[in-house]
Amino acid sequence: GYSYPSFQFDEGKTLKGLEEVLGKLSAIDPWMQLNFFTRPNERLGGSTPIDALREGKVDDVVSLASGYGEQGAI
């Protein structure tokens with residue numbers, strides 16, 4: 001079977017923007033993707049990407065995900 005982190009759902013639906021962010025993170029393994037979503041990031045004012053998605057900051061999280069894992073990226 002499959003397991004999915006519950007943080008990515010809201011009222012039975014995936015969070016708006018989640019699929020787009022996951023598309024930007026497709027080159028990294030699932031554990032690093034989990035790390036991305038759950039660690040506070042200074043580019044998001046100290047919020048986690050998952051909290052930023054819940055606040056509707058999809059473009060900010062997509063932008064952050066685009067550079068995640070690259071040397072020198074925050």
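This is a predicted model: local features need pLDDT of at least 70, side-chain atom pairs count only at pLDDT 80 or more; totals for chains, interfaces and linings use all residues.
**The face of α2**
- Which residues of α2 are buried? They are Q33, F36 and F37.
- Looking down the axis of α2, these buried residues fall within an arc of 90°, so they line one face of the helix.
- The partners that the buried residues of α2 pack against are α1, α3 and α4.

**The nonpolar core**
- The largest nonpolar core counts 17 residues, and V21, L25, F36, F37, I50, L53 and V61 have the most contacts inside it.
- Two or more residues come from each of α1 (18–24), α2 (30–38), α3 (49–54) and α4 (58–66).
- α4 supplies the largest share of this core, with five residues.
- Setting aside neighbours within four places in sequence, F36 is in contact with V21, L25, P49, V61, L64, A65 and Y68.

**Q8, ahead of the strand**
- Q8 is in the segment before β1 (9–10).
- Is Q8 buried or exposed? Its relative accessibility is 9%, and buried means under 20%, so Q8 counts as buried.
- Not counting residues up to four places away in sequence, Q8 touches K13, T14, L15, L18 and I50.
- I50 is also among the core residues with the most contacts.

Note on methods. Residues are numbered from 1 along each chain as its sequence is written. Side-chain values use heavy atoms; hydrogens and water are left out. A nonpolar core is a set of buried Ala, Val, Leu, Ile, Met, Phe, Trp, Tyr and Cys residues joined through side-chain atoms within 4.5 Å. Buried means under 20% relative accessible area, exposed over 50%, partly exposed in between (1.4 Å probe, protein chains only). Helices (H or I, at least four residues) and strands (E, at least two) are DSSP runs, numbered from the N terminus. Contact means heavy atoms within 4.5 Å. The arc is that of the directions from the helix axis to the C-beta atoms.
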